[in-house]
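Me: Please give me a close look at one part of this structure. Keep it brisk, and then show me what else surrounds it.

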Amino acid sequence: MTDTETSELDASELDALTRQLDRDHVFHSWSAQAGLNPFVVAGGLGARVWDYDGRSYLDFSSQLVNVNIGHQHPAVVDAITAQAQTLTTVAPATANLTRGQAAKRIVDLAPAGFNKVFFTNGGADANENAIRMARLHTGRDTILSTYRSYHGNTGAAIVATGDWRRIPNEFARGHVHFFGPFAYRSEFWSTTPEQESERALHHLERVIQSEGAGSIAAILLETIPGTAGVLMPPPGYLEGVRALCDRYGIMLIFDEVMCGFGRTGQWFAFQGYDVVPDLITFAKGVNSGYIPTGGVIISDAIASDFDTTVFPGGLTYSGHPLAMASIIAALDAMESEGIVTNAERIGTDVLAPGLAALAAKHPIIGEVRGVGVFWALDLVADPETRAPVGATVMGRIKAELLARNLLPFLADNRVHVVPPCVVTDAEVAEALAIYDEVFGLDLLG
């Protein structure tokens, strides 16, 4: 169909055409293809998206928890447009002012002792390259990561992932998993957050010792595991992991792909704790996904390894000018407009009490966890046993939320409440009312 023919279609016909083309020609990730009925997004602004027919949805998924600055922020769109008119692409081996400025913006937000950024195409290959750097720096091979984690869908990143998605993809070497803390569904029979932290750290040290500390290059952690359920680290846990890394000469990599750049009400999630890693991976929120990008923020101690030794890694689109322009504009707008501060305030003053009130009213909500605009509702069939609700219940919840014009993010037995960092009090109130109505239905009947 030509552009002219497409322009002659009415709105409902455009929605139908979009679905048909998608079903016929687009192969979707993590899906059985035959049963798909894709949701059409034609446009968006701020915390809302809409289809061609004009039906508007409140986006409490931030798509894949990445549109931190909201949809179609004019400063970012203008920056991409201006860069496209100047230079659309350039080889990564060249020096480019936009790339240098983007890197400077990022390291200015990082702790002291981080002065270099290696740019990637996204979060998965950021984790790939952080793993590579840690192995080369230490001369060791093994990477430890948790079972409740997601680090991306490339060779080492997917094997570092702990959930089921790694199992059909285990082609990389040198990966060992351990249980991180999760007090609500504790692996350690703990009764307090402090006990959960202490026992999880004991477990981790025993894994380090059993695997042979001298073989372990890095511990790779999502600072706050996201897709696994917004698992808030209990008191002292991250600091304890740092101490173990120091004791055994292991590098600490924080995966901030989902939780970084405003999502938690801080520029980086680890800034809410008394800990600094050796490598920081990022993507998503750094430019809200407007152009694919990611990277590794490298501590000076590791970066200096490659002053006279070749780093054996590279990407054709590393530091792509359009992506770099979007990073500069996004970070500048987030700073000047107080967007990170808004995320912190919304979390503390609006989402935390609002979600707690929902949990007190609806027994299906077993636990509320989160910070900033990064929350999860752990849904249970029985509050006493904490048995998770099943896929049928989650499917109905998704349908009911969509029917009320709220676009949700669901994973396993959880509803993740993850709006853009620019979300307003009124939009949160609108979403809370929708959640309240849906959870008030006879979902388990």
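What follows starts at a single residue and then moves on to the rest of the chain.

Where is Trp30 placed, and which aromatic ring does it pair with?

Reply: First, the ground rules. This is a predicted model, where local features need pLDDT of at least 70 and side-chain atom pairs need 80 or more, while totals for chains, interfaces and linings use all residues. Residues are numbered from 1 along each chain as its sequence is written, and side-chain values use heavy atoms, leaving out hydrogens and water.

Trp30 sits in the loop between H2 and S1. Helices are DSSP runs of H or I with at least four residues, strands are runs of E with at least two, and both are numbered from the N terminus. The phi of Trp30 is near 50 degrees, a positive value in a residue other than glycine. Most residues other than glycine have a negative phi. Trp30 counts as partly exposed because its relative accessibility is 39%. Partly exposed lies between buried (under 20% relative accessible area) and exposed (over 50%), using a 1.4 Å probe and protein chains only.

Now its ring. Two rings of Phe, Tyr or Trp (its six-membered ring) pair if their centres lie within 6.5 Å; planes under 30 degrees apart are stacked, over 60 edge-to-face, and the rest tilted. The whole structure has 13 aromatic pairs. Trp30 and Tyr150 have ring centres 6.4 Å apart and planes at 80 degrees, so they are edge-to-face. Tyr150 lies in the loop between strand S5 (142-146) and helix H7 (155-160), 120 residues away from Trp30 in the chain.

The charged end of Arg165 sits over its ring, 5.0 Å from the centre. That term requires NZ of Lys or CZ of Arg within 6 Å of the ring centre and within 35 degrees of the ring normal.

Compare another aromatic pair. Phe268 and Phe270 are stacked, with 5.5 Å between centres and 15 degrees between planes. Both are buried.

Ile106 touches Phe119, Phe261 and Phe282, among others. A contact means heavy atoms within 4.5 Å. Ile106 is also one of the residues that touch the most other members in the largest nonpolar core, which has 91 residues. Such a core is a set of buried Ala, Val, Leu, Ile, Met, Phe, Trp, Tyr and Cys residues joined through side-chain atoms within 4.5 Å.

Finally, the salt bridges. Each needs a side-chain nitrogen of Lys or Arg within 4 Å of a carboxyl oxygen of Asp or Glu. The search finds 20 of them. Arg166 meets Glu170 at 3.2 Å, N to O. Arg166 is buried, at 14% relative accessibility, and Glu170 is partly exposed, at 43%.

A second salt bridge joins Asp378 to Arg185, with the closest N and O atoms 2.7 Å apart. Asp378 lies in strand S12 (residues 374-382) and Arg185 in the loop between strand S6 (175-178) and helix H8 (193-211), so this pair ties together parts 193 residues apart in sequence. Asp378 is buried, at 1%. Arg369 bridges to Glu367 at 2.8 Å. Here Arg369 is buried, at 6%, and Glu367 is partly exposed, at 24%. Shared partners join Arg185, Glu367, Arg369 and Asp378 into one network.

Note on methods:
Lists of a residue's contacts leave out its neighbours within four places in sequence.
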